[in-house]
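Colleague: I would like to learn how to read a structure like this one, feature by feature. Could you take me through it slowly?

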Amino acid sequence: MKRKVKVADYYGYCSGVDLAVNTLNRIMEKENNIYIFGDLIHNRIVMNELKSRGLKVINKVEEIPSEGTIVIRTHGVRPEIYDMARAKGLKIVDLTCIFVKRSQNFAKKVVKEGIKLIIIGERNHDEILSIQGAAGGDSIVINSVDEAMAITGIDKAGIIIQTTFERELAKSIIGVLFDKINYLEVFNTICDATEKRQESCKRLAAETDSFVVIGDQKSSNTNRLYEIAKSINANTYMVADKNEIDCDNFKNSKIVGVTAGASTPDYIINGVIKKIENC
Ligand code: SF4
């Protein structure tokens with residue numbers, strides 16, 4: 001008999017990733033010489049597939065070529081990448097997610113006001129670097145309540161939150177800053193797709209015997225889903241695809257819950273579900 005698998009109400013590709021992957025696929029059907037700075041999305045399997053079809057990934061400004069098309073990833077890039085691409089006459093296809101653009105615009109506004117920009121998120125994450133770059137000026141990045149508690153000497157600040165950050169943790173961090181900083185502007189820049197995936201993950205993790213989060217270790221939103229599920233259901237596992245499923249983990253589980261990060265495609269999710277069902 002097949003093991004029962006329940007899938008979260010919201011899981012897998014978000015609108016930003018879906019649009020980016022589909023647009024890039026369409027361009028790749030018509031053009032050669034397509035470059036991207038870093039990863040389009042944080043999924044090694046998808047990136048390897050795109051690279052095998054000819055997408056050229058560059059990681060340093062100096063590697064930007066002098067002809068072809070440059071695709072801007074969903075997390076965005078620093079302004080100098082656009083400047084360099086324009087200077088070299090490259091065609092630019094900007095696939096920065098609209099929610100990341102929105103964060104960049106709020107960050108610019110904060111810096112323009114002359115108050116301190118505080119970004120709640122992962123230091124050195126592509127999205128955070130693109131927001132800091134767009135904003136210019138001085139900013140600090142914090143990731144935990146402890147880091148918020150260590151902040152001193154700021155009188156006025158504007159807060160931007162990484163689009164994939166966990167809502168409850170962001171609220172706790174902001175609570176600490178509220179007691180320390182006299183004037184605070186808070187922009188809730190956690191995206192809708194993240195909130196829906198986190199909420200439905202929480203619900204399902206509580207009502208299943210074990211739980212699987214599918215996605216890449218480099219994917220911030222996948223890691224957050226894993227942390228949330230693990231805090232509710234101790235039998236939670238994170239896998240990149242079906243090859244990482246260990247059937248022994250599910251031998252005592254009647255119902256297994258499944259969710260997937262926003263950069264995990266359906267074919268990977270379906271492969272994992274099938275494997276668990278037949279474990
Ligand atoms: S998770 Fe949100 S911000 Fe990130 S690409 Fe998807 S829709 Fe955009």
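Modeller: Gladly, and please keep in mind throughout that this is a predicted model.

Colleague: Which residues are around the ligand, and how many of the shell are nonpolar, polar or charged?

Modeller: The residues around the ligand are Cys14, Gly16, Cys97, Phe99, Thr163 and Cys191. Sorted by class, this shell holds 4 nonpolar and 2 polar residues, with no charged residues.

Colleague: How should I read a nonpolar core?

Modeller: The general idea is that, in soluble globular proteins, nonpolar side chains tend to be buried together. In this model the largest nonpolar core has 21 residues, and those touching the most other members are Leu24, Ile34, Leu40, Leu50, Leu55, Val71 and Leu95. At least two residues of this core come from each of α1 (15–30), β2 (34–37) and α2 (44–52), and α1 gives the most, with 6 residues.

Colleague: What does Leu55 touch, not counting residues up to four places away in sequence?

Modeller: With those neighbours left out, Leu55 touches Leu24, Met28, Ile34, Tyr35, Ile36, Met47 and Leu50. Apart from this core lies another, of 17 residues, among them Ile154, Ile161, Ile181 and Ile190.

Colleague: Why is Asn33 called partly exposed, and why is Asn124 called exposed?

Modeller: Asn33 is called partly exposed because its relative accessible area is 29%, a value that falls between the cut-offs of 20% and 50%. Asn124 is called exposed because its relative accessible area is 59%, and exposed means over 50%.

Colleague: Where is Gly38 placed, and is Gly38 buried or exposed?

Modeller: Gly38 is in the loop between β2 and α2, and Gly38 counts as buried because its relative accessible area is 9%, where the cut-off is under 20%. Not counting residues up to four places away in sequence, Gly38 touches Met47, Val57, Ile58, Asn59 and Arg73. Gly38 and Ala20, 18 residues apart in sequence, are 14 Å apart in space, C-alpha to C-alpha.

Technical notes. Residues are numbered from 1 along each chain as its sequence is written. This is a predicted model: local features need pLDDT of at least 70, side-chain atom pairs count only at pLDDT 80 or more; totals for chains, interfaces and linings use all residues. Side-chain values use heavy atoms; hydrogens and water are left out. A residue is near a molecule or strand if one of its heavy atoms lies within 4 Å of it. Ala, Val, Leu, Ile, Met, Phe, Trp, Tyr, Cys and Pro count as nonpolar, Asp, Glu, Lys and Arg as charged, and the others, Gly among them, as polar. A nonpolar core is a set of buried Ala, Val, Leu, Ile, Met, Phe, Trp, Tyr and Cys residues joined through side-chain atoms within 4.5 Å. Buried means under 20% relative accessible area, exposed over 50%, partly exposed in between (1.4 Å probe, protein chains only). Helices (H or I, at least four residues) and strands (E, at least two) are DSSP runs, numbered from the N terminus. Contact means heavy atoms within 4.5 Å.
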